[in-house]
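Please read them with the structure open beside you.

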Amino acid sequence: MRSVQALKAAVHVRGRWLKPEKLHMTVQFLGDFAVAGDIARRASEAAAGLHFAPFEFVLDRAETFPRKFNPPCVLRCAGNSEAALQHFAHELGDALAAAG
């Protein structure tokens, strides 16, 4: 979390920063659902079938979504760690698509 604080101090982003306990990473967006029980269960089962060696990634860029009011701030991957995360996201996407 210290890195997030350093990035906040170094970068001027017009956006809303989340509290550290609210930080999360969206690897595959599953949609906007009021009741996500079945979707979450199927996604969890699909992800459980993936096997990856641990990898590290660095979040070193901050961006915001183009919204008129109070856009959320998004941290982005460093170029040298982006490939591993993209590969994971691609494999997860394939598994989710196969699971329906």
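1. Which pattern does the protein follow when read along the sequence? The pattern is α-α-β-β-α, made up of three helices and two strands; please bear in mind throughout that this is a predicted model.

2. On the overall figures, 19% of the 100 residues of the protein count as buried, and the protein exposes about 7700 Å², of which carbon and sulfur atoms supply 56%. Among contacts in the protein with a separation of 6 or more, 56% are accounted for by residues 24 or more positions apart.

3. Turning to the aromatic rings, the pairing rule asks for ring centres within 6.5 Å, and by this rule the count comes to three aromatic pairs. One of them joins F55 and F57, with 6.3 Å from centre to centre and 50° between the planes, which makes the pair tilted.

4. Another of the pairs is formed by F55 and F88, also tilted, with 6.1 Å centre to centre and 55° between the planes. This pair links distant parts of the chain, since F55 sits in the loop between helix 2 (37–48) and strand 1 (59–64), while F88 belongs to helix 3 (residues 79–99), 33 residues apart.

Terms used: Residues numbered from 1 in each chain as written. Predicted model: local features only at pLDDT ≥ 70, side-chain atom pairs only at ≥ 80, totals over all residues. Heavy atoms only, no water. Phe/Tyr/Trp six-rings, centres within 6.5 Å; stacked < 30°, edge-to-face > 60°. Helix = DSSP H or I, 4+ residues; strand = E, 2+ residues; numbered from the N terminus. Buried < 20%, exposed > 50% of the residue type's maximum accessible area, 1.4 Å probe, protein only. Contact = heavy atoms within 4.5 Å. Areas by Shrake-Rupley, 256 points an atom, 1.4 Å probe, with all protein chains shown as cover.
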